[in-house]
Amino acid sequence: MEQHCGLITGDKEKVPLKSISVTLSINDFVAAVAATLNYENEEKVPLEAVFVFPMDEDSAVYSFEALVDGKKIVAELQDKTKAHSEYEEALSQGYEAYLLEEDDYSRDVFSCNVGNLQPGAKVAVTLRYVQELPLETDGALRYLLPAILNPRYQLTEQSASSCLNIRKPAVSLEDLPYTLSMVATITSQHGIERIQSNCSLTPIQYLTENKTSAQVSLTEGHKFDRDVELLVYYSEVHSPSVAVEMGMQDMKPDSLMGAPSAMVSFYPDIPEVEASKACGEFVFLMDRSGSMESPVSNEKNSQLRIEAAKETLLLLLKSLPMGCYFNIYGFGSSYEKFFPESVKYTQETMEDAVKRVKSLEADLGGTEILTPLCDIYKAASIPGHPLQLFVFTDGEVSDTFRVIREVKLNSKKHRCFSFGIGEGASTSLIKNIARVSGGTSEFITGKDRMQTKALGSLKFALQCAVDNISLSWDLPPGVSVKMLSPEQPAIFRGQRSIIYAQLTGLMPQGESTGAVCIKHILQGKSLENRVTFSLQPKANANFTIHRLAAKSLIQTKDLGSEEASKEEKEDVMNISLQSGVLSSFTAFIAINKELNKPVQGPLAHRVIPSPETFSHTFNCYSGVLACSMPIDESFALPSLGCLMSESCTPESVPYTRQSTDFFQLQSAGLGMTKVASRKQKKKTCFSIKKRNLQNEHTASGENVVLQMISLQKADGSWKLDEDLAKILGTKLKDIKAANPVKHEDPSAWATVLAVIWLHANGKDLKCEWELLERKAVAWLQDHAGSSIPMLVQAANSVLKLSVNPAVFGI
């Protein structure tokens, strides 16, 4: 299907999308969502409106309909090729038509086409979906409504048909022409303690006395200027459970949608244990594309992504155990690595890496991750050191499905821990590369700290995990079970696993129960959890469990049009059409043929703009008539003319493509009446640079803690020197004089002082230096032994503190 790339602005053409309203229903750990897009054609010509928007990768879209003049038109799910053909034919005949599809190259991007919208017509298009809700480390249930579609880099010829290639305009938040309203109703067998959000909410209204049902809304007039995040806290969430849902009455009893479906939620109790001394090869793959110069979030004084990444790498390096192996890759349009191959973690290699981390910049252009991934995978495995891969990125890659397939092909030799930085990071990429390799995924938005989440994942990587998970069922005679979910490779401490199964056969008529025994291995021990459940399936109009099970199957089999085999495509198509859940091979199509007469005249194309929440960063070079900047590849270049001179018209600014998301404005061939002078340019660049400096991280307390951490040696100890004394706020000679064991290694005294200082000055960041503290304590126990109590008492006295000696294991 031809993709139309009309570019619009608020002052030139009216935007047909007027508002978005969302109804959210959360029941325990699952969400059902209805999102309505309200369109109105205020122009005098018929329109085709195209809206490209993100949605969480785990969403199972199962319904699409339009309300026109009080008449509901329900869309049919079809083979995508057929749907495209019918849509184009309907447009050519003048009929109103509606098309909803998932992008061919990324499962978390959708496009909604409203074609032949008549002058003066109003239409409400509603899509419905269900999804599992993840748990945060603090026990919160998290629902995210994505608003931001960050630049998605399409570097391959095969992806030319992607809806991401539409030149979708970006407008300032003040000019965003449509608003968002959202009402959320939460019900649970557990009490609802509180609900939090990154957006302004109305006060929580409890609908029941026992607080098992509540409702909140976004405040009126909310601009869709950021991802909307809801955090729901229940009184109890960590308990295994089984829910059984009745199948569709008009479907075959043993079919995917006709048979009852079961959803097993599993929360293994995994104790925290000490990490081994040498437990792996750690490779950190860091995005260094131009967009990493943007702030992590829209919050005031938000840290730049690249600066947060550098701090994160420093903390990770300091927290690694002695004897392991490591390497660091940076990727963009090209990639760089610190060492030709992973090196053993020693004081020398750590110092070398720390020095290089401090000089890292977001200077590698676009985002191409597949090539460095292949380079990592082709390296020989290190015996006794399983590969642990940490991936950090803020955008999208050229071919998401190819990357996922590559990670899956190498899943037996490694685990992948992935991090999506900023609003708009690809949920399809981030979640799937972790899912297929048995790792974990995290998203850093709002006030989240990349450092905290990365260190939390490193703790996972250093911990043992629950593995060899299997389910055995105890069911009445005549009832059997068919597993729908793929095998779960591993579950980490604090994580939940959701498993889907189909119950077939003759279900008991009266009250009856079944049981499932979840067997697993933890630290070499075989364990099991037994859960009893009712065999009287509950009715659900949305068939939530069935559709989530279908989505799980689709995610396992659907690797995109370029990567999937013919058999895989047919399999995904059958699951999609049977369940009504959208896939990359199907699309929803609706045609309104009941118009009084078909629309006449040429069809105008309108692409709905998105909010521009990321900051374009400019790097200017004195003495050179050029200004370079990382920029959204769909951004309208003419609007940059004002950055050079007030007298410079947009049409006069030529550009050359330097890389996927990097353009360079050049002065060659421009008349002096059209371009600012060299002096003016320097002034412009200086003011932009100054603005960037204001965005830098300014939390001095955090920086001092980082300075203390940076002084730690690879083995966990600190050196007694001037740098340490400066942070402690005293003189080196006074510290040396206060050492109660002057005849022993002074590093023991320095290490005790450093650990006690961290407890007093870095309490809020303890989760970020907890691992390196463990190294310090282990080192002390090996080198100071019986002297530790005396050293702790003296350190508390010198620093005028009262840190509990139990911190040191005494």
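Which residue lies over the face of Tyr206? Lys211 does, at 4.9 Å from the ring centre. Keep in mind that this is a predicted model. There is a second case of this kind. The charged end of Lys766 sits over the ring of Trp769, 5.5 Å from its centre.

Now, rings with rings. A pair of aromatic rings is described by the distance of the centres and the angle of the planes. The count here is 12 aromatic pairs. Take Phe53 and Phe110. They are stacked, 6.1 Å centre to centre, with 20° between the planes. This pair links distant parts of the chain. Phe53 is in strand E3, residues 47-54. Phe110 is in strand E8, residues 106-117. They are 57 residues apart. Buried or exposed? Phe53 has 9% relative accessibility, so Phe53 counts as buried. Phe110 has 2%, so Phe110 counts as buried.

Next pair: Phe326 and Tyr345. This one is edge-to-face, at 5.9 Å centre to centre and 80° between the planes. Distant parts of the chain are linked here too, with the two residues 19 apart. Phe326 belongs to strand E20, residues 325-331. Tyr345 is in the loop between strand E22 (343-344) and helix H3 (347-358). Both Phe326 and Tyr345 are buried.

There is also a cluster. Ring pairs link Phe284, Phe390, Phe392, Phe417 and Phe419.

On to the sheet. How many strands does the open sheet have? Eight, with mixed pairing. The order is E5-E4-E9-E2-E1-E12-E15-E14. E5 and strand E14 (205-206) stand at the edges. Each has a single partner strand, so one side of each is left without a neighbour in the sheet.

Look at the E5 end. Strand E4 (residues 60-68) and strand E5 (residues 71-74) run antiparallel, joined by four bridges. Leu67 has Lys72 in E5 as its bridge partner. The hairpin of E4 and E5 has two residues between the strands. In that hairpin, Asp69 takes a positive phi near 50°.

Now E1 and E12. Strand E1 (residues 17-27) pairs with strand E12 (residues 179-187) in the parallel sense, over nine bridges. Thr23 stands opposite Val183 in E12.

Last item: a helix on these strands. Helix H8, residues 544-557, lies across strand E2 (30-40), E4 and strand E9 (122-132). H8 runs at about 80° to E9.

Terms used: Residues numbered from 1 in each chain as written. Predicted model: local features only at pLDDT ≥ 70, side-chain atom pairs only at ≥ 80, totals over all residues. Heavy atoms only, no water. Phe/Tyr/Trp six-rings, centres within 6.5 Å; stacked < 30°, edge-to-face > 60°. Buried < 20%, exposed > 50% of the residue type's maximum accessible area, 1.4 Å probe, protein only. Lys NZ or Arg CZ within 6 Å of the ring centre and 35° of its normal. Pairing = 2+ DSSP bridges. Contact = heavy atoms within 4.5 Å. Axes fitted to C-alpha atoms, helices over the stretch in contact; angles between N-to-C directions.
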